[in-house]
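Hi everyone, thanks for making time. I'd like to walk you through one structure today, so let's get it up on the screen.

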Amino acid sequence: MKKYNFNAGPSMLPREVIENTAKQILDFNGSGLSLMEISHRAKDFQPVVDEAVSLFKELLDIPEGYSVIFLGGGASLQFMQIPANFLIKKAAYINSGTWAKKAMKEAKHFGEVVEIASSSDANFTFYPQVPDTVPADCDYLHLTSNNTIYGTELRVDPDVNVPLISDMSSDIMSRPVDVSKYTAIYAGAQKNLSMAGVTVVIVKDDMLGKAPRELPTMLDYRTHVEKGSMFNTPPVVPIYTLMENLRWLKANGGVEAADKRAHERAEVLYAEIDRNKLFKGTVEETSRSLMNICFVMNDEYKELEKPFLDFATERGMVGIKGHRSVGGFRASCYNAQTMEGVQALVKAMQDFEAQH
C-alpha cells in the first residue's frame with residue numbers, strides 16, 4: 001500500500017533527495033568510503049558545504065552582510081543561543097504557542113523578557129497581532145513564524161522598529177522572505193530542509209559581538225562564521241541532504257513556486273474540512289497555517305476520532321494524529337508534500353463521512 005507522509009517532523013523529503021543521499025552513504029563521490037565515515041575535512045566535502053550555503057543565499061535572495069551557518073542542537077539550542085548573542089538588557093517576544101514559550105523561558109537567563117502580544121487566552125487559535133511599535137528599549141523582537149502544534153502561521157515579514165529575529169523552523173523555504181528585515185533567522189532542518197541533525201542560522205554580521213558578556217566559544221556565532229561552520233565536526237550527512245534538497249527546490253521553481261504549491265495544497269484540504277460535516281478547523285481563517293493543517297471532529301461526532309484515525313491509517317495516511325497536547329488531527333504539508341497525498345486524505349475524509 002502506498003504511504004502518504006504527513007508527519008510534522010522529522011518529515012517527508014523528496015524521493016530523489018533520499019535516493020541521492022543513500023547513494024552517497026554507500027559510496028561518496030566514488031571514494032570507496034561512505035558519506036557517514038568521511039572526515040568533514042575531506043577535500044570532497046567542503047564543496048558540499050559551499051554549495052549548500054550558496055543555494056541558501058540564492059533561493060532566499062540573502063543580501064550582502066549576512067552569513068549562513070550550520071550548527072547542531074536544533075532550534076531548542078537556538079532558544080538560548082539567540083539571547084546569549086543578542087540580548088543586552090531587554091527583549092520582546094510574541095507568544096504564539098508552545099515553542100515561543102520555550103524560547104521566552106530560555107531568554108530569561110540573559111535579561112528581561114517582555115511578552116508584547118499573545119494568543120494564549122484563546123488557546124492559540126490565532127496568530128497574535130504584531131504591534132507596529134515595539135518598546136524602543138528592547139534589543140530585539142522574537143517571533144515564531146509557524147506554530148506546528150496549533151496550526152497558526154505568520155506568512156509575512158513584519159516591519160518593526162527594533163531588530164527582528166524569527167524561528168522559521170517549519171516554514172522556511174516555503175515562501176519568499178525579505179531577509180533584510182531580520183537580524184537573525186534560525187531553523188531546525190527536519191521539516192522543510194533536511195533530515196534531523198542540522199540547524200541553519202542566518203545572521204547579520206554587523207550585529208554580532210555586541211552582547212555584554214563573555215560567551216563560551218561554541219555559543220558565539222562569530223566562531224562559526226569565522227570557521228565556515230567547521231569549528232567542530234558538523235553533521236555531515238544532514239548537510240549533504242540539505243544541499244540535495246536545495247537543489248531539488250531550485251529545480252522545482254524555488255521559493256516562489258513552493259509558495260504557490262503550499263497555497264494550492266492548503267486550499268484543497270481546508271475546503272474539505274469546512275465542507276465535511278464530521279470535521280472542523282481549530283484556527284481562525286486569517287491565521288491558518290499552510291504547513292500544519294489542524295482539525296478535529298465536530299462536537300457531535302467526538303466518538304469518531306479514533307475510528308477515523310484507524311480508517312485513514314488503513315488508507316495509507318501516516319502521521320495525521322494531532323500533537324498529544326491538543327489532540328485531533330494534523331496534516332503537515334511541507335514542501336515535499338504532494339497534491340496526490342492531500343487528495344488521498346480528502347478522499348478518506350469524504351468516504352468516512354459517507355459511512356457515518
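Okay, quick caveat before anything else: this is a predicted model. Let me start with the second largest pocket. Sorted by class, its lining has 8 nonpolar, 8 polar and 3 charged residues. The volume of this second largest pocket is about 250 Å³. There are 19 lining residues, and N123, Y150, T282, V296 and V326 are the closest to the pocket's centre.

So where does the second largest pocket lie? Domain 1, which is 15-252, and domain 2, which is 254-354, both give residues to the lining, so the pocket lies between them. As for strands, β11 (279-281), β12 (292-297) and β14 (329-332) each supply at least two lining residues. β12 gives the most, with 3 residues.

Now the largest pocket. That one comes in at about 340 Å³. Its lining also needs a look: 19 residues, with W99, T148, S169, Q190 and K191 lying nearest the centre. Here the top contributor is helix α3, residues 74-86, which gives 3 residues. By class, you get 6 nonpolar, 10 polar and 3 charged residues in the lining of the largest pocket.

On to the aromatics. How many aromatic pairs does a search of the whole structure find? It turns up 12. Take F86 and Y221: the ring centres are 5.9 Å apart and the planes sit at 35°, so we call that pair tilted. This pair links distant parts of the chain, with F86 in helix α3 and Y221 in helix α5, 135 residues apart. Both partners are buried: F86 has a relative accessible area of 7%, and Y221 has 0%.

Another tilted pair is F311 with F352, because their ring centres are 5.3 Å apart and their planes are at 50°. F311 lies in helix α8 (residues 305-314) and F352 in helix α9 (residues 339-355), so the pair ties together parts 41 residues apart in sequence. F311 is buried at 11% relative accessible area, and F352 is buried too, at 2%. These two belong to one aromatic cluster, made up of F279, F295, F308, F311, F329 and F352.

Last stop, D205. You'll find D205 in the loop between β10 (199-204) and α5 (221-226). Leaving out residues up to four places away in sequence, D205 touches G65, Y66, S67 and V225.

Terms used:
Residues numbered from 1 in each chain as written. Predicted model: local features only at pLDDT ≥ 70, side-chain atom pairs only at ≥ 80, totals over all residues. Heavy atoms only, no water. 1 Å grid on protein atoms, 1.4 Å probe; cavity = no way out; pocket = protein on both sides within 12 Å on 5 of 7 lines; lining within 4 Å. Points joined across faces, edges and corners; volume = space filled by probe spheres on them. Helix = DSSP H or I, 4+ residues; strand = E, 2+ residues; numbered from the N terminus. Nonpolar A, V, L, I, M, F, W, Y, C, P; charged D, E, K, R; others polar. Domains from an automatic or database assignment. Contact = heavy atoms within 4.5 Å. Phe/Tyr/Trp six-rings, centres within 6.5 Å; stacked < 30°, edge-to-face > 60°. Buried < 20%, exposed > 50% of the residue type's maximum accessible area, 1.4 Å probe, protein only.
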